[in-house]
Amino acid sequence: MFPERIETDRLVLERLSRDAVGILDLHRHLAADNDNAREELQYLPWGPFETPMGTREWILEAERRWDDGDRATYLLRAGENLEGPGDLVGVSYLDLFWERRAGEMVVWTRKPYWGRGLLVEFAMELHDLAFLDLDLEMMIAECFEEAEPLRERYETYVESFDGHYDGLLRNQVPADGEVKNVHRFTLSREEYLRTTGRLDEASEDAAQTPTPEAD
Amino acid sequence: MFPAAIETNRLRLERFDHEHVDPFELYEVTTDPENETVWRYVPWEPYETVHDAAEYVDDAVERWEDAEAAEYVVRPRQGAAEAGGFAGVTLLDLDWDRRSGQLAIWLARPFWGRGYSAERATALLALAFDRLDLEVVEVTHNVENDTSRQAIEKYVERFGGRREGVLRNYVAYGDTVSDEVRYTISRDEWRANRPEDLGVELIDDPADGNDERRGGNR
């Protein structure tokens with residue numbers, strides 16, 4: 001259901017599996033005793049992992065959920081137009097909530113690749129996949145209330161695509177022995193296609209859907 | 001864990017099981033053309049058959065026994081207009097991992113406009129906070145559902161809760177995906193705003209073992 005491989009200008013995305021990466025190779029970048037990993041993963045809903053077994057199980061889960069069609073997990077590697085082609089840049093996945101016709105993207109990139117516009121580059125690819133190929137209506141982005149850097153990033157992201165800040169949801173996600181509050185942002189298919197100047201490419205349905213008057 | 005009945009000034013909520021709910025009555029009320037507008041914005045719909053209605057009661061019993069949801073049939077109390085009539089169904093849906101509960105209700109058309117929704121909300125909030133020690137109770141309504149909005153805004157404000165926002169594509173029911181306005185009331189807000197005399201009585205069935213706590217005093 002999902003493309004096994006996607007190429008962008010500077011990146012190659014391939015399905016995360018034991019064939020695509022060695023467990024120990026990936027674990028090196030996700031290990032709990034790696035200072036960078038702890039910082040990179042601070043606000044993400046998984047890792048860092050204490051042992052390679054944690055990384056292994058995470059890869060196995062990605063394989064299983066790919067087959068189940070409810071999560072598409074990609075390994076991000078440097079492409080030809082980036083230094084060190086083939087080097088590991090990060091991992092990103094798209095969660096599918098089919099009943100709600102919605103998706104959520106979660107991203108991990110390694111520190112050496114921060115601040116270089118790579119995020120936007122492959123995020124657009126995953127949004128195209130979600131809205132154009134999988135025909136979803138809505139992309140959701142959520143972060144814990146205290147994850148200030150992520151909140152700022154999502155705010156910029158929804159603003160640039162005319163999306164919405166939906167609100168702060170109290171007691172939304174159990175984590176670390178407590179229940180966390182979560183900021184929720186959404187971006188509709190119509191908003192995404194309009195702000196990327198491609199509304200014409202969309203199906204007639206989307207083109208004919210008027211902008212909601214108020215909400 | 002849940003009280004078998006809850007009484008407010010005008011309402012009696014009774015455990016939604018085969019002793020208190022007749023599937024024929026449930027089927028009849030939900031399929032009554034008079035109630036057609038009731039289903040417009042809620043994740044319920046009329047039952048196709050009496051058998052479906054009976055199965056819904058089975059499901060509610062199971063959810064109750066697994067402590068996943070406290071579900072009640074809403075009836076006006078003795079002495080009130082249409083006493084004992086089938087006014088609707090309400091529940092507190094538990095999400096223990098999140099220490100949260102979600103309120104839901106549908107009321108048959110003749111019982112609209114009487115403030116019943118707020119009255120049973122007070123009853124279920126008392127259950128959620130005073131007995132079940134939840135941290136947050138949440139409630140949502142479809143963005144276009146003005147009737148529910150008015151009822152919910154009033155009791156959320158009364159107990160110091162807040163409107164969280166419009167959550168797009170938040171719930172799926174049937175073939176539709178709904179944008180919902182969500183509100184929450186926290187335990188702290190409840191305690192700060194709860195009047196001493198709430199007018200709510202949680203009534204336990206001794207057979208349920210809910211009075212274990214008091215057992216030591218006997």
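A:Arg194 counts as partly exposed, at 33% relative accessibility (buried is under 20% relative accessible area, exposed over 50%, and partly exposed in between, with a 1.4 Å probe and protein chains only). The model is predicted, and local features need pLDDT of at least 70, while side-chain atom pairs count only at pLDDT 80 or more and totals for chains, interfaces and linings use all residues. Residues are numbered from 1 along each chain as its sequence is written, chains are lettered from A and ligands numbered from 1 in the order in which they are written, and side-chain values use heavy atoms, with hydrogens and water left out.

The partner of A:Arg194 is A:Glu190, with which it forms a salt bridge whose closest N and O atoms are 3.1 Å apart (a salt bridge being a side-chain nitrogen of Lys or Arg within 4 Å of a carboxyl oxygen of Asp or Glu). The two residues sit four residues apart in helix H6 (residues 189–195) of chain A, so about one helical turn separates them; helices (H or I, at least four residues) and strands (E, at least two) are DSSP runs numbered from the N terminus. A:Glu190 is buried, with a relative accessible area of 14%.

Over all chains, the structure holds 46 salt bridges. In chain A, another of them joins A:Glu137 to A:Arg101, with 3.1 Å between the closest N and O atoms. A:Glu137 is in the loop between helix H4 (118–133) and strand S6 (138–144), and A:Arg101 in the loop between strand S4 (88–97) and strand S5 (102–109), so this pair ties together parts of chain A that are 36 residues apart in sequence. A:Glu137 is partly exposed, its relative accessible area being 31%, and for A:Arg101, also partly exposed, the value is 31%.

B:Arg75 and B:Glu14 form a salt bridge with the closest N and O atoms 3.5 Å apart. Distant parts of the chain are linked here, since B:Arg75 belongs to strand S3 (residues 69–76) and B:Glu14 to strand S2 (residues 11–15) of chain B, 61 residues apart. Both residues of the pair are buried.

The two chains meet in a contact (heavy atoms within 4.5 Å) that takes 26 residues from chain A and 24 residues from chain B. Between them they bury about 2,000 Å², 43% of it on carbon and sulfur atoms, where buried area is the accessible area (1.4 Å probe) that two parts lose on being put together, summed over both. A:Arg100, A:Arg170 and A:Asn171 supply 35% of the area that chain A buries against chain B, more than any other three residues.

Three salt bridges are found across this interface. B:Arg168 forms a salt bridge with A:Glu191, at 2.8 Å between the closest N and O atoms. On the side of chain A that touches chain B, strand S7 (164–175) and strand S8 (178–188) of chain A are the elements that give two or more residues. S7(A) gives the most, with ten residues.

A:Arg170 also reaches B:Thr184, as a polar contact of 2.8 Å joins their side chains. B:Thr184 is found in strand S8 (residues 176–186) of chain B and is buried, with a relative accessible area of 1%. Beyond its neighbours within four places in sequence, B:Thr184 is in contact with residues including A:Arg170, B:Val136, B:Glu138, B:Glu164 and B:Glu189. A:Arg170, B:Asp95, B:Arg98, B:Glu138, B:Glu164, B:Arg182 and B:Glu189 are linked in a network of salt bridges.

With neighbours within four places in sequence left aside, B:Leu26 is in contact with B:Phe16, B:Tyr56, B:Phe86 and B:Trp106, among others.

How values were computed: Polar contact = N/O pair within 3.5 Å; in protein donor to acceptor, adjacent residues only side chain to side chain.
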